[in-house]
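Please read the following note with the structure displayed beside it. Each numbered point may be checked against the model in turn.

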Amino acid sequence: MKIHYLIIIALFFVACKADEIEICTDEVALHSLADFPIGVAVSPSELQYNAAYQEIVTTQFNSITPGNAFKPDALQPSEGVFDFEVADSLVAFAMRNNQRIHGHTLLWHNQLPNWMNRFSGDRTAWIKMMKTHIQTVVRHFEGRVKSWDVVNEAFEDNGDFRENIWLEHIGKDYLELAFEFAQKADSTVLLFYNDYNIALKNRKCRAILEHFEGLKSKGIQVDGIGLQLHIFNRIPTNNEIENAVNAIVEAEYLIHFSEIDISMNWTGGSMNLTTNRLERQGRKMKVLTNIFQTIPKKQQFGMTVWGVSDLDSWIPSFFEREDYPLLYDTNYEPKLMYCGFLEGLID
Ligand code: XIL
């Protein structure tokens, strides 16, 4: 009897060991270990003024998503006045480094210029305004930006359409119009729908897939789905992520893990940064990477982390809590989350 217990305990430790994330360095570039693009959301000013940040972005990643620089408030600050200066320099930076640029985002409810929020006009005028924004931006980057998040976060967690200015002034078909306008502006570009909690909220996932199946059956081009994956260690569960991924694979979309960060602080306020928490975060990152690799090759668009270091993450300021959700620590040293990514890639 006792012997059995000993064997079980020994097996348990072997199993834990196998699951442990080893401490690693970042001397080998993540993207060199992957056969799909490894991306990061970037800030042009950090790239310009922060040498450690720039070094990591240029060496580790082969895909870039502008964190804010391609949003409507950045690109069309006044009606009819487009400002591409910063965005163009970011594209030039990426091209110099042979990095893909994924455009984020043509339509959203946040980070809209004031004039757009206050725009007045009938439905036709709203459609024209939306079309002008989408087509001017897509055409400007033609040949340089080959994929776009056309619409971001159009659904609520319960599957309803999110109330936003587009729904209010144009109606539900703003989504299909947006995809059509983008497609007409550049027929070679890949068109994505991007959202959060797709893996966590089954109803949201189903509503999105149903809606876009409807559009596709009408002949509207929709190439991919971005799962943002702003997640926690335990939420969503690995099973929930797998289920969402499988459903999207089955519906034959490209899949982008588009905005990965793994939060630790579920309760809010301040927190202790323990080794245990760092290890769990590392394991979750490894699992995410493993799940991504179950996607058929031709549907793997890439995995993108939403920022470089814990210093750059949007989470602490946006949610007003202490947190450490990214691959690098505040000294730009790789964390166990980085090691989990690396291990997932070489698994
Ligand atoms: C965030 C940026 O990272 C922040 O700098 C900005 O203040 C707010 O937006 N979902 C998205 C991203 O699609 O565009 C958001 O980015 C994070 C949530």
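1. Basis of the note. This is a predicted model, in which local features need pLDDT of at least 70 and side-chain atom pairs count only at pLDDT 80 or more, while totals for chains, interfaces and linings use all residues. Residues are numbered from 1 along each chain as its sequence is written, and side-chain values use heavy atoms, with hydrogens and water left out.

2. Helix H13. Helices (H or I, at least four residues) and strands (E, at least two) are DSSP runs, numbered from the N terminus. Helix H13 covers residues 275–292, which is 18 residues. From its first C-alpha to its last, H13 reaches 26 Å, close to the 26 Å expected at 1.5 Å a residue; the expected span is 1.5 Å times one less than the number of residues. Buried residues of H13 include Leu278, Met285, Leu288, Ile291 and Phe292. Here buried means under 20% relative accessible area, exposed over 50%, and partly exposed in between (1.4 Å probe, protein chains only).

3. Packing of H13 against H15. Two packed helices are described by the angle between their axes and the distance between the axes. H13 and helix H15 (residues 336–346) pack at an angle of about 30°, with their axes 7 Å apart. Axes are lines fitted to C-alpha atoms, for helices over the stretch in contact, and angles run from 0 to 180 degrees between N-to-C directions. H13 and H15 are therefore roughly parallel to each other, a term for angles under 35 degrees. Among the residues that make the contact are Gly282 and Met285 of H13, and Gly340 and Phe341 of H15. Contact means heavy atoms within 4.5 Å.

4. Side chains of opposite charge can pair when their charged atoms come close. A search of the whole structure finds 11 salt bridges, each being a side-chain nitrogen of Lys or Arg within 4 Å of a carboxyl oxygen of Asp or Glu. In one of them, Asp173 pairs with Arg123, and the closest N and O atoms are 2.9 Å apart. This pair links distant parts of the chain, 50 residues apart: Asp173 lies in the loop between helix H9 (165–169) and helix H10 (174–185), and Arg123 lies in helix H8 (residues 123–140). Asp173 is partly exposed at 29% relative accessibility, and Arg123 is partly exposed at 37%.

5. Lys218 forms a salt bridge with Glu176, with 2.8 Å between the closest N and O atoms. Lys218 is in the loop between helix H11 (202–217) and strand E6 (224–227), whereas Glu176 is in helix H10, 42 residues apart. Lys218 is exposed at 56% relative accessibility, but Glu176 is buried at 16%.

6. A pair within one helix. Lys216 and Glu213 form a salt bridge, their closest N and O atoms being 3.9 Å apart. Because they are three residues apart in helix H11, about one helical turn separates them.

7. Two single residues. Is Thr304 buried or exposed? Thr304, in strand E9 (residues 300–305), is buried, with a relative accessible area of 1%. Lys146, in the loop between H8 and strand E4 (147–152), is exposed at 52% relative accessibility. Lys146 and Leu190 are 44 residues apart in sequence and 6.1 Å apart in space, C-alpha to C-alpha.

Key
Angles under 35 degrees count as roughly parallel, over 145 as roughly antiparallel, 65 to 115 as roughly perpendicular and the rest as oblique.
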